[in-house]
Amino acid sequence: MRWTLRLMALLILSLLSNGAATADPPPVSDSFAITGVRVFNGSEVIPAATVVVRNGRIEAVGSNVAVPQDVPTIDGTGSTLMPGIVDAHSHARTRQELERAIQFGVTTELDMWTLPQFAARMRREQERNGAPYRADFFSAISPATLPEGYPYNFTRRPEAPTLSSPDQADAFVAARFAEGSDYLKIMLEDGSLTGLDLPILSRATVQALTAAVHRRSRLAVAHVTEQSHALDLIQDGVDGLAHIFPDSLVEPGFVQLAVAKGIFVAGTLTAEETFVTTDGGASLLADPDLAPYITPEEAQFLLTPGPPNFMTQQNLQIARENVRILHAAGVPILAGSDVPAHGLALHRELELLVQAGLDPVDALAAATSAPAAAFRLADRGRIAPGLRADLLMVQGDPTVNIKNTRKIQRIWKGGVEVEREIPAPPHGH
């Protein structure tokens with residue numbers, strides 16, 4: 001939910017920063033084996049397994065896998081190994097934000113609006129050396145919206161690409177993919193929940209956009225905060241919703257259509273929570289497994305109340321119930337944070353998904369295999385032979401207690417281990 005003035009202010013500040021990228025040191029080609037570890041492979045649990053990684057790829061996984069003599073061995077007794085986390089709704093403008101994400105086990109971010117120059121730098125870096133010490137970055141870059149529509153009613157960026165009619169859709173889509181977008185994001189925000197009156201794209205234009213996207217074998221996802229607009233979007237061809245709507249309880253007809261069309265939904269319950277209360281942020285700060293790794297800037301965000309708005313605790317409960325109903329019907333639910341606390345907020349999102357009614361195993365899938373499948377990232381999100389060794393090892397069993405994802409012991413991206421760093425205290429302390 002990105003119509004909050006608070007989040008928009010942070011977004012505008014980040015857009016004004018240059019987002020200079022620093023070069024990674026050359027990646028280390030790593031091979032190792034983890035033994036006696038509980039494995040959540042993206043869909044199910046292997047109680048005690050061996051996982052062999054060679055040159056950044058998973059070579060073998062299973063309860064009867066032999067350990068090669070030429071690789072170092074890590075004892076995983078008492079720990080759980082899971083795929084690196086995939087955040088299905090983020091907004092990054094600087095490399096540092098992606099570095100922060102991986103510190104909390106998020107190895108891939110699916111960005112929903114950024115600057116083309118930044119996206120191009122991140123893509124080149126990933127192609128050059130795999131960017132082992134930050135999260136991978138995929139992005140929609142510039143969203144489809146009217147010149148005077150959301151989000152440019154906040155940012156007033158006249159240079160931003162926009163469209164106003166169906167006949168402009170094909171050229172708009174072609175330009176987005178030419179500039180490096182991995183998928184298209186469509187904005188359909190009329191401002192009702194924030195007291196604004198904003199114009200939105202016509203249904204004919206949305207239909208033309210989704211058709212142009214699908215002709216190019218790509219995905220169209222949509223920002224929406226109201227059930228009525230979400231229903232139109234599904235009928236008009238979008239592949240997924242970037243948020244769960246909090247305005248009304250999901251109706252049976254919507255559920256049936258969502259299942260029939262095969263769409264996915266990113267929960268972004270954490271972002272919606274920030275409209276109403278800072279309790280979730282305070283709980284992250286109070287968690288002894290997270291607190292030492294939280295920067296002062298992240299702490300400030302977590303404790304800053306949202307601006308006046310129409311959201312209430314009832315809206316939060318509606319959002320959670322909608323997630324539960326759609327999940328129970330078989331609609332893929334994806335874990336997405338949509339807040340500036342990169343990586344950190346995803347652990348709150350997992351907790352909220354469980355509170356919404358998902359089993360911890362399903363919540364873990366929502367942050368690993370489900371977003372990888374939804375966004376067609378076939379090389380990650382699971383622990384299986386041939387896939388990238390994007391891995392997170394935690395103490396205990398998060399398939400029983402979801403908060404155990406916070407008990408991070410080790411992180412690997414592409415088989416290269418990421419060193420966790422405790423941030424320096426504020427100047428003068």
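Arg93 lies over the face of Trp113, at 5.4 Å from the ring centre. A charge counts as sitting over a ring if NZ of Lys or CZ of Arg is within 6 Å of the ring centre and within 35 degrees of the ring normal. Arg218 is placed over the face of Phe177, at 4.4 Å from the ring centre. The model is predicted: local features need pLDDT of at least 70, side-chain atom pairs count only at pLDDT 80 or more, and totals for chains, interfaces and linings use all residues. Residues are numbered from 1 along each chain as its sequence is written, and side-chain values use heavy atoms, with hydrogens and water left out.

**Aromatic pairs**

- There are six aromatic pairs, where rings of Phe, Tyr and Trp (its six-membered ring) pair if their centres lie within 6.5 Å; planes under 30 degrees apart are stacked, over 60 edge-to-face, and the rest tilted.
- Trp113 and Tyr152 make an edge-to-face pair, with 6.0 Å from centre to centre and 75° between the planes.
- This pair links distant parts of the chain, 39 residues apart: Trp113 is in the loop between strand 7 (106-111) and helix 3 (116-129), and Tyr152 is in helix 4 (residues 152-155).
- Helices (H or I, at least four residues) and strands (E, at least two) are DSSP runs, numbered from the N terminus.
- Trp113 is buried at 0% relative accessibility, and Tyr152 is buried at 2%; buried means under 20% relative accessible area, exposed over 50%, and partly exposed in between (1.4 Å probe, protein chains only).
- Tyr183 and Phe375 are also edge-to-face, at 5.0 Å centre to centre and 65° between the planes.
- Both Tyr183 and Phe375 are buried, and together with Phe264 they form one aromatic cluster.

**Salt bridges**

- The structure holds 28 salt bridges, each a side-chain nitrogen of Lys or Arg within 4 Å of a carboxyl oxygen of Asp or Glu.
- In one of them, Asp136 and Arg388 have their closest N and O atoms 3.6 Å apart.
- Asp136 lies in strand 8 (residues 136-139) and Arg388 in the loop between helix 15 (369-374) and strand 14 (391-395), so this bridge ties together parts that are 252 residues apart in sequence.
- Asp136 is buried at 4% relative accessible area, and Arg388 is buried at 14%.
- Lys403 and Glu351 meet in a salt bridge at 3.6 Å, N to O.
- Lys403 is partly exposed at 36% relative accessibility, whereas Glu351 is buried at 11%.
- Asp379 and Arg380 form a salt bridge at 2.9 Å, N to O.
- Asp379 is partly exposed at 24%, while Arg380 is buried at 6%.
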